[in-house]
Amino acid sequence: MTRTLFALVILVGCKPESTDSAETDSDGTLPVGALEFDGPIPKNVLMISIDTLRRDHVGRYSVDESLTPWLDGMMDDGVVLDDFTQCANWTFASVMCTLAGQTNADNGYLPKFDKDFRELVPLGRPTLASRLEDAGWSTWYESTNMWFGPDMRSSQGYRHRVETGIFHAEGVIGEAAVALADADPKKWLLHVHVKEPHAPYAPLVDYLDGLDALEPIGVDLDDFIEHYEGVDLYPGMTPEDQALLEAHMRLRYRGEVMWLDQQLNDSFAKMDTLGLLDDTLVVFWTDHGEAFWERGFQTHAYTMHSEENNAAAFFWAKNLKPLNWSEQTTSIDVMPTILNAVGRYVPSDVTGEILGVADPDRIRHGFTMARLGAISTGERNRLKIIFHWTGEIAAYDR
């Protein structure tokens with residue numbers, strides 16, 4: 001009980017103070033983070049954010065190592081964050097905090113999941129893109145999810161959008177790569193947000209091995225509306241039909257993960273041919289996971305438990321020294337780590353930490369305002385508190 005009350009005080013207390021001490025060392029030099037390069041530090045940044053990928057469906061963290069062989073290989077050759085969580089459980093909120101390097105509370109804007117009320121991001125919110133653009137980088141992006149883009153003003157700071165009109169990862173990344181190569185800026189940031197394996201789970205048929213062995217369910221899971229209609233019907237189904245629907249969805253989700261991995265493999269081969277990986281720091285992160293009725297819900301933006309809140313992230317470059325980083329990290333650490341890696345000071349209002357500099361005993365904070373209302377989380381030394389603002393509290397030893 002004592003540990004629980006202590007953690008709850010941490011969770012609902014004041015936001016962490018930001019100080020200038022993390023900005024530079026005492027002699028005015030940049031802090032030495034965990035990213036070490038064999039030779040010159042890359043000047044360009046390629047960032048790939050992946051929508052709705054459960055961490056336990058990445059081969060490195062799964063009992064099925066066949067799911068993501070390409071991603072696993074990249075992780076083996078890079079700096080991988082093995083205890084990484086997102087600040088939220090849906091795209092808009094997760095993208096906002098990751099790009100700002102701050103929790104959304106610290107940033108002063110709390111994204112709300114409400115179909116009837118979608119408040120736009122206030123103008124002028126600093127992001128990784130705006131800070132790099134101010135320092136001379138050419139900033140580019142493309143997104144397959146409206147939550148990250150001009151409709152919500154969540155893509156502020158990116159000067160160029162590569163409007164591909166394509167919704168599959170390989171096509172989006174490929175078109176963005178060609179546009180960037182043609183423009184040939186002196187130094188650049190390219191951020192591509194891909195939406196596999198988001199519902200509806202509709203991979204190519206080559207990735208649906210085992211589907212013929214399942215009984216039909218009478219729901220077209222290739223269709224966005226019917227997918228969610230099936231989810232709505234789930235509570236009234238017999239246990240047998242519930243198990244069948246879940247089996248169909250899990251198989252399709254698994255197929256989308258494998259298809260995504262192959263698309264990323266092909267996309268990076270193309271980028272390498274174009275010479276875009278020769279002087280580039282590559283950053284991967286996932287925006288949230290996906291639930292399959294572990295706690296009574298399917299999809300995401302419900303809870304802040306592991307199936308939705310756990311995430312994956314890693315850094316890679318041709319001359320980056322591989323490292324498995326086991327200390328706890330969180331999505332707001334991505335932005336300051338990138339700034340530090342490319343030789344930029346981290347502003348004092350950024351509350352994320354440079355990888356390798358953070359206190360291993362610090363608290364990881366999370367917050368969402370989504371389908372079940374407001375939920376806060378706090379985690380320290382494997383003790384996690386989940387606090388629903390309706391009053392429900394849960395404590396876990398992870």
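Mentor: Some ground rules come with a predicted model: local features need pLDDT of at least 70, side-chain atom pairs count only at pLDDT 80 or more, and totals for chains, interfaces and linings use all residues. Residues are numbered from 1 along each chain as its sequence is written, and side-chain values use heavy atoms, with hydrogens and water left out.

Trainee: Happy with that. What makes Tyr253 and Phe292 an aromatic pair, and which kind of pair is it?

Mentor: Rings of Phe, Tyr and Trp (its six-membered ring) pair if their centres lie within 6.5 Å; planes under 30 degrees apart count as stacked, over 60 as edge-to-face and the rest as tilted. A search of the whole structure finds 20 aromatic pairs. For Tyr253 and Phe292 the centres are 5.3 Å apart and the planes stand at 75°, which is edge-to-face. The two residues are 39 apart in the chain, with Tyr253 in helix 8 (residues 239-273) and Phe292 in strand 7 (residues 291-292).

Trainee: How are helices and strands numbered?

Mentor: They are DSSP runs, numbered from the N terminus: helices are H or I with at least four residues, strands are E with at least two.

Trainee: Why is Tyr253 called buried?

Mentor: Buried means under 20% relative accessible area, exposed over 50%, and partly exposed in between (1.4 Å probe, protein chains only). Tyr253 has 0% relative accessibility, so it counts as buried. Phe292, at 2%, is buried too.

Trainee: And what about Phe367 and Trp389: what kind of pair do they form?

Mentor: Their centres are 5.9 Å apart with 65° between the planes, so under the definition this pair is edge-to-face. Phe367 is in strand 12 (residues 364-370) and Trp389 is in the loop between strand 14 and strand 15, so the pair ties together parts 22 residues apart in sequence.

Trainee: Are those two buried or exposed?

Mentor: Phe367 has 19% relative accessibility and therefore counts as buried. Trp389, at 56%, counts as exposed.

Trainee: How do you know that strand 14 and strand 15 are paired?

Mentor: Two strands pair if DSSP finds at least two bridges between them. Strand 14 (residues 383-388) and strand 15 (residues 393-397) have five bridges, in the antiparallel sense, so they pair. Phe387 stands opposite Ile393 in strand 15. The two strands form a hairpin with four residues between them, and Gly391 in the turn has a positive phi of about 120°.

Trainee: What makes strand 12 and strand 15 the edge strands?

Mentor: They belong to an open sheet of four strands in the order 12-13-14-15, with antiparallel pairing. Strand 12 and strand 15 each pair on one side only. Inside the sheet, strand 13 (residues 373-380) and strand 14 are antiparallel over six bridges, and Glu379 has Lys384 of strand 14 as its bridge partner.

Trainee: Why is the charged end of Lys187 said to sit over the ring of Trp137?

Mentor: A charge sits over a ring if NZ of Lys or CZ of Arg is within 6 Å of the ring centre and within 35 degrees of the ring normal. The charged end of Lys187 is 3.8 Å from the centre of the Trp137 ring. Arg55 lies over the face of Tyr61, at 5.6 Å from the ring centre.

Trainee: How do you know that Ser155 makes a polar contact with Tyr141?

Mentor: A polar contact is a pair of N or O atoms within 3.5 Å; within protein, one must be able to donate a hydrogen and the other to accept it, and residues adjacent in sequence count only if both atoms are side-chain atoms. The side chains of Ser155 and Tyr141 make their polar contact at 3.2 Å. Ser155 is in the loop between strand 3 (138-143) and strand 4 (160-161), and with 8% relative accessibility it counts as buried.

Trainee: And what makes Arg153 partly exposed?

Mentor: Arg153 has 29% relative accessibility, so it falls in the partly exposed class. Arg153 lies in the loop between strand 3 and strand 4 and has a positive phi of about 60° although it is not a glycine.
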